[in-house]
Amino acid sequence: MTALEVRDLNVYYGQSHALQGVDLTLGKGVLSVVGRNGMGKTTLCKAIMGLVPVASGSISLNGQNLSGVGPAETARMGVGYVPQGRRLWRSLTVDEHLKLVATRGGAWTVERVYSVFPRLAERKSNGGGQLSGGEQQMLAIGRALLLNPKLLVMDEPTEGLAPVIVNQVAEMLVRLGQEGDIDVLVIEQNIGVACEVASDVAIMVNGRINRVMESSILASDRDLQQALLGVGRHAHDETDDGPRQTEETAPDTRAITKIYLSNPEVPTRWTPPVPVRVLEGSARTVTDLPKAEVVPLAPAQTRAPRGTGTVYVCGTFDTKGPELRFMADAVKAQRLPVKLVDLSTSGGPSNADIPPHVIAAHHPRGASAVFTGDRGSAVAGMTRAFEAWVRGQHDIAGLLSAGGSGGTALVSPAFRVPPVGVPKLIVSTVASGNTEQYVGPSDITMMYSVSDVQGINSITREVLSNGANALAGMVHARRTHAPSEDKPAIGLTMFGVTTPCVQQVTAQLGDDYDCLVFHATGVGGRSMEKLLDSGMLSAVLDLTTTEVCDMVAGGVFAAQGTRFDASIRAGLPFIGSCGALDMVNFNAPDTVPEKYRHRLFYEHNPQITLMRTTPEENVAMARFIGEKLNQMTGPVRFFLPEGGVSMLDAPGQPFWDPAANKALFDTLEATVNHTANRQLVRVPNNINDADFADLVVKTFRSFHARPARAKGA
């Protein structure tokens, strides 16, 4: 039986949604909860104690329901509470505080409290207002223990304490966990203490439990602490490990700002001077993080709720003004709200709804990085600024643009920001050629302009009108057709030679999940990761990682260096495998580079030629994948099918090469930092065997509860 179980807990303060579906389980022992200020940690404590009303959800203590129970009854049921700020009576002595709550026959007595905190025994006749901060905290803890609770809830027990007292409190918590008589929920800002006293740490973000992870992983990974909790890195944290000038070991040069409050609490005329250590403990650390280390806001923030939002017509109005306004008028004729976004870099006046200087201000270095006087750098700066501006918009119903190659390149990075489903259309002179560099993994609609986008004539009038009305039709469709309440979506990667594996997995999961299969052709993997970043996938089964082969050897279906980064950012359980890592893809045989002419090939079809990867290439691929797996913060299970990684890699098949597979598997095992959370799983099967698919599904279900919709089916 679990000591404490919180399920789908929601708490409001007026219109403010403080706890947003909190799920938390404390089995036995000690569990730490950490998070930045304002994330809802104290509200969680108060909800458990019955000090704030619960809107919905459940709280149970050893199977007993605590929801709706008042504070006094909660305490009688066995919950002790050490509140933030101690909450002592100034006029009562230490001894009176303890005897007031002491119960007979329990394991904790006043004498035992004095033995654990000898300083309290020395100060037993002093009033609560005459104690130091550390002594007050000892008294608050002792008072709670004298209730002989089953569960002890402690809110910031080391806040503002001297290091020696912090150590004493931490040691006491460790002892409590080892003795097993009292289970402890610790809310703690001190990451060191939180990780020292508990084997698992729950991380709270924006009123939710973001994840629960091993304390050893969090304690040893400072970058993870920065990404999840905003913990700053200070000079005394650095150690001299020798030369630091290589790319891998370069020193951290990020700017760190500490924001101090001269009085952490509102002072009165009797308030003594605030000690320096209290100021230090109350300082808020702000660290400038590079983009890769920040857990980004989901791009879904740029999506307006269905039935609302604005269509933005975007482009360089100094050169394409009449054409863009023509399209804007066509959209307005469809009774949709429209705003004009001017991305001109000439510096001239603009009467657009959002003029260039407003967009330029969103560049990380300000408008001066856009209006440089040099056309090339100005356009590059505006491209970056426009992308940042789009990321900050919450009311985008659709995006529309028109232009040549330069205008298309200017708007397309920003158009790729909104999630799949938000209409985005570009009328472009380059839409009839290779558009991958513009569309990427998004769902941008590209319409060929036929003639140049220059003036309103018999051709442009038709094409621009069609483009504007097409976008308006998409926006109207989203407004009038509500999304179906369907199964949660999961993404799976597949190639022709791993099709049986993916088909068997989807057959087993299809009743519970909407299985979205992505063809691992480079852009396919990026599309899946785009959806994951957008919050449109609840999980991924990255079983076919063949795009890494083409990245390493120069094939036509290559991944980018950002492959797997979306899974790193998501922090979700990651299940993957080595699917089709035995092959590099080229087009027709005569397109294979000369340096590979001596290699082993297989003609998949007249337009696709497959090349078997070598042991050396497998080593490079394994290092790339392994280093990415090491950066993942959620549970990782990466399967190594020793019976072959594709249809062609099996005994008697053309690409069967045990030496190459050994190089792949051995290098992965040497590269990956193995923990209980991050595991490589060797299996004797081929990736397409039924037993392999069964194991993948079993592992997936161990991480993901069956959806509630399916339970009622």
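Visitor: Which residues does Lys 320 contact, leaving aside neighbours within four places in sequence?
Guide: Lys 320 is in contact with Ala 402, Gly 403, Asp 452, Val 453 and Gln 454. Contact means heavy atoms within 4.5 Å. Keep in mind that this is a predicted model: local features need pLDDT of at least 70, side-chain atom pairs count only at pLDDT 80 or more, and totals for chains, interfaces and linings use all residues. Residues are numbered from 1 along each chain as its sequence is written, and side-chain values use heavy atoms, with hydrogens and water left out.

Visitor: Where does Lys 320 sit?
Guide: Lys 320 is in helix H12, residues 317-333. Helices (H or I, at least four residues) and strands (E, at least two) are DSSP runs, numbered from the N terminus.

Visitor: Is Lys 320 buried or exposed?
Guide: Lys 320 is buried, at 12% relative accessible area. Buried means under 20%, exposed over 50%, and partly exposed in between (1.4 Å probe, protein chains only).

Visitor: What does the side chain of Lys 320 reach?
Guide: The backbone oxygen of Val 453, at 2.7 Å. Also, the C-alpha atoms of Lys 320 and Gly 404 are separated by 9.7 Å. Those two residues are 84 apart along the chain.

Visitor: New topic. How many residues are in the largest nonpolar core?
Guide: That core has 37 residues. A nonpolar core is a set of buried Ala, Val, Leu, Ile, Met, Phe, Trp, Tyr and Cys residues joined through side-chain atoms within 4.5 Å. Leu 152, Met 172, Leu 173, Leu 176 and Val 184 have the most contacts inside the largest core.

Visitor: Which helix gives the largest share of this core?
Guide: H7 does, with 7 residues.

Visitor: And what does Val 184 touch?
Guide: Beyond residues up to four places away in sequence, Val 184 touches several others, including Leu 26, Val 30, Leu 152 and Leu 176. There is also a second, separate core of 36 residues. Phe 564, Ala 566, Val 636 and Leu 668 are among its members.

Visitor: Now salt bridges. How many are there?
Guide: The count comes to 21. A salt bridge is a side-chain nitrogen of Lys or Arg within 4 Å of a carboxyl oxygen of Asp or Glu.

Visitor: Which residue pairs with Asp 443 in a salt bridge?
Guide: Lys 424, with the closest N and O atoms 2.4 Å apart. This pair links distant parts of the chain, 19 residues apart. Asp 443 lies in the loop between H16 and strand E17, and Lys 424 lies in strand E16. Lys 424 is buried at 1%, whereas Asp 443 is partly exposed at 28%.

Visitor: What about Lys 662?
Guide: Lys 662 forms a salt bridge with Asp 666, the closest N and O atoms being 2.6 Å apart. Both are in helix H23 (residues 658-671), about one helical turn from each other because they are 4 residues apart. Lys 662 is exposed at 53%, and Asp 666 is partly exposed at 32%.

Visitor: Which residues are linked with Lys 662 in a network of salt bridges?
Guide: Glu 642, Asp 666, Glu 669 and Arg 682 are linked with Lys 662 in that network.

Key: Polar contact = N/O pair within 3.5 Å; in protein donor to acceptor, adjacent residues only side chain to side chain.
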